[in-house]
Amino acid sequence: MQPAKLQALLADAVTHHRAGRLEDAENLYRQARVAAPKHFDVLHLSGLLAYQFGRVDAAIDWLTRAHRIDRKSAVCEMRLGLALMMGGRAGEGEKHLRSAVKTQPEFVEGWDNLAYCLKVQDRLAEAVECHQRSTTLKPDSASGWYNFGLTLSLLGNSLEALRCHERALAVDPKYTMARFGRAQALHQLHRMPEAVADYGKFLEVHPDYHEARSYRLFALHSLETISREELFAEHVEFGRVVGQFPIPDFSNPPQPHRRLRLAILSPDLRAHSCAYFLEPLIQHLDPAEFELYLYHDHFRKDAISARLLKSAAVWRDFVGKSNSAVEAIIRGDAPDVLIDLAGHTGMTSRLPLFARRLAPVQITYLGYPNTTGLSAMDYRFTDDVADPRGDADAVATERLVRFAPTAWTYAAPPDAPAVGPVPCTTQPFTFGCFNNPAKITDAMIGVWAQILKTVPDSRLLLKGSGFNEAATRECYLSRFTRFGIGADRLEMIDRTADTTSHLAVYHRVDVALDTFPYHGTTTTCEALWMGVPVVTRRGDRHMSRVGASLLTAVGRADWIANSPDDYVRIAAGLAGDRSRLAIIRGELRAAVAGSALGQHPAQAKRFGDAIRACWRTWCEKKAAAA
């Protein structure tokens with residue numbers, strides 16, 4: 001082909017490419033590759049388009065060829081690095097991204113993408129350095145400040161993250177992603193009404209941005225004034241916005257008793273509270289009954305990930321992959337049962353994929369304290385205490401499966417500290433709450449203040465993310481001050497470096513106080529394991545009944561309050577009988593181990609039987625339809 005005709009063909013392809021007519025562009029690039037298989041622009045643009053389509057192997061191939069032709073093109077090498085990342089080769093991708101910014105030190109987009117590559121590898125401090133370089137080179141880049149803010153949020157520097165997002169909005173008030181980022185930072189700072197408002201503003205502009213809608217739903221749980229009916233309506237609205245899709249004609253053999261391919265999708269197959277409850281079930285599932293596929297959707301992997309991987313027939317990493325790519329992989333795996341463990345809590349919401357129905361049976365469990373709102377989610381696993389029959393069924397789009405006496409299975413870390421003596425023998429009586437500070441409402445503070453006033457010289461120890469920031473501590477102190485509790489009665493400490501040191505802090509706590517209306521789960525199990533009694537208040541929804549489920553399981557229903565006054569009475573009563581506290585402290589660990597929480601093989605059997613029952617129902621429906 002003559003050079004002039006080739007250039008005209010390329011120009012036409014680029015016009016289609018820029019206009020988003022990708023199929024037309026692909027046809028023209030294909031013609032150009034036939035005519036000029038060693039032309040840099042042809043290979044480079046073909047590789048870019050393949051990357052945009054998610055065709056990783058083709059993208060890497062063509063971008064590699066283009067890079068060999070022109071090693072001075074920083075843009076081409078950056079795109080090669082991104083393609084390698086998409087292909088799961090982050091280390092190789094990083095080398096090319098670093099080379100790109102070395103070739104062109106003022107390449108802002110290169111620095112931004114290098115930051116992303118480092119973030120995916122959990123090297124957040126290095127990613128921050130790249131963001132600093134990017135925003136220094138281009139301080140008027142709204143996207144640069146936004147991405148900087150996202151990385152700072154992952155580091156836990158929520159206040160700095162908020163400032164970055166506000167800087168992005170100052171640069172460009174129409175850059176709405178910064179509004180979403182600001183909402184996330186406010187969420188992390190536990191400023192829930194503001195976060196909900198910002199999520200709402202973002203959704204006014206982007207009503208179909210499902211991830212933001214999920215974040216907003218999660219934040220709504222921390223508002224003390226929202227009714228369960230309002231919450232249910234919000235979740236149903238999510239299902240409506242996501243939409244309903246035709247049910248695929250699955251080819252999975254409808255045989256009730258055969259070995260099942262069980263797939264579990266979660267961003268938390270790592271050192272995370274969700275994994276603490278999942279691992280005992282996974283370890284004791286009968287491999288003759290289930291072939292296990294684990295789908296991990298987070299950039300961080302650790303020792304727990306490694307242990308879970310050993311239990312899996314197949315492990316797949318989904319972080320950074322588009323929903324369409326994930327859908328293709330899961331459909332290719334053809335699971336019989338697919339379980340969601342994130343609900344509306346994940347960094348990247350995959351619930352829209354469940355709406356498209358990826359498996360004959362779809363179940364949600366463990367990670368989220370509410371319905372998903374999806375008609376395509378068949379079941380939600382729970383128990384009779386957390387979700388009483390009849391009452392709870394009315395506010396769930398799924399069918400509730402109460403598969404065990406309690407829906408949780410707790411395994412303490414093997415290096416958990418021994419139970420210590422009652423601390424009030426050597427220090428002032430200390431109540432403690434290690435729940436997410438976002439769960440601490442003003443009404444809860446009022447009840448806790450009443451407890452502290454009822455128990456002379458007692459103190460309250462709060463532990464959680466954000467308390468390392470002075471602004472957060474000052475905010476919570478001012479809230480307590482309004483109820484007559486000063487700094488001398490209150491201590492706030494940040495998260496500790498590891499689970500063992502975290503559990504050791506319970507040596508300073510005499511009685512743990514659960515939050516309301518959003519209960520703790522992991523924190524309640526941890527307190528009980530460390531011999532610390534927990535006072536909870538039962539409410540009208542799942543998130544307000546988890547504590548009741550856990551305490552009922554260990555035989556301590558007497559610590560479940562049904563009103564604020566009852567809560568104060570139980571807490572003060574425990575504080576008033578310190579010799580009894582010492583006995584309780586010596587008994588609780590054994591009580592947890594002997595309960596359904598600690599009976600891991602039996603609980604895994606119940607879990608597996610419930611999955612089998614769900615599968616059997618699908619087989620019966622399939623047979624009836626045939």
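**Strands, a helix and cysteines**

Student: Why is strand 2 described as largely enclosed by the rest of the structure?
Tutor: Buried means under 20% relative accessible area, exposed over 50% and partly exposed in between, with a 1.4 Å probe and protein chains only. Strands (E, at least two residues) and helices (H or I, at least four residues) are DSSP runs, numbered from the N terminus. Strand 2 is largely enclosed because its buried residues number seven of seven.

Student: What should I know about the model itself and its numbering?
Tutor: The model is predicted, so local features need pLDDT of at least 70 and side-chain atom pairs count only at pLDDT 80 or more, while totals for chains, interfaces and linings use all residues. Residues are numbered from 1 along each chain as its sequence is written, and side-chain values use heavy atoms, with hydrogens and water left out.

Student: Which residues of strand 2 point one way, and which the other way?
Tutor: All of the residues concerned are buried. One group is F290, L292, L294 and H296. Pointing the other way are E291, Y293 and Y295.

Student: How many bridges join strand 1 to strand 2?
Tutor: Two strands pair if DSSP finds at least two bridges between them. Strand 1 covers residues 260–266 and runs parallel to strand 2. L260 stands opposite F290, and L262 stands opposite L292. The number of bridges is seven.

Student: Which residue of strand 3 is the bridge partner of L294?
Tutor: Strand 2 (residues 290–296) and strand 3 (residues 314–317) pair in the parallel sense over four bridges. For L294, the partner in strand 3 is W315.

Student: Which helix does the chain pass through from strand 2 to strand 3?
Tutor: This β-α-β crossover is right-handed. The term applies if, with the strands pointing away from the viewer, the path from the first strand over the helix to the second runs clockwise. Strand 1, helix 15 and strand 2 also make a right-handed β-α-β unit. Between strand 2 and strand 3, the chain goes through helix 16 (residues 303–311).

Student: What is the strand order of the open sheet of seven strands?
Tutor: The pairing in this sheet is parallel. Its edge strands, strand 3 and strand 7 (399–402), each pair on one side only. The order is 3-2-1-4-5-6-7.

Student: Which are the edge strands of the open sheet of six strands?
Tutor: That sheet has the order 10-9-8-11-12-13 with parallel pairing. Strand 9 (residues 459–463) pairs with strand 10 over four bridges, and L461 has E491 as its bridge partner in strand 10. The edge strands, each pairing on one side only, are strand 10 (490–493) and strand 13 (560–561).

Student: Why is helix 22 largely enclosed?
Tutor: The buried residues of helix 22 pack against several elements, including helix 15 (273–284), strand 11 (511–513) and helix 25 (578–594). Helix 22 (residues 522–529) is largely enclosed because the buried count is eight of eight.

Student: Which residues does T522 contact, leaving aside its neighbours within four places in sequence?
Tutor: T522 lies in helix 22 and is buried, with a relative accessible area of 11%. Contact means heavy atoms within 4.5 Å. With those neighbours set aside, the contacts of T522 are S273, Y276 and F277.

Student: How many disulfides does the count come to?
Tutor: A disulfide is counted as a pair of cysteine sulfur atoms within 2.5 Å. C130 has its closest cysteine sulfur, in C117, at 9.2 Å, too far for a bond. The sulfur of C619 is likewise too far for a bond, at 11 Å from that of C614. The count comes to zero.

Student: Is C619 buried or exposed?
Tutor: The relative accessible area of C619 is 3%. Given the cut-off of under 20%, C619 is buried.
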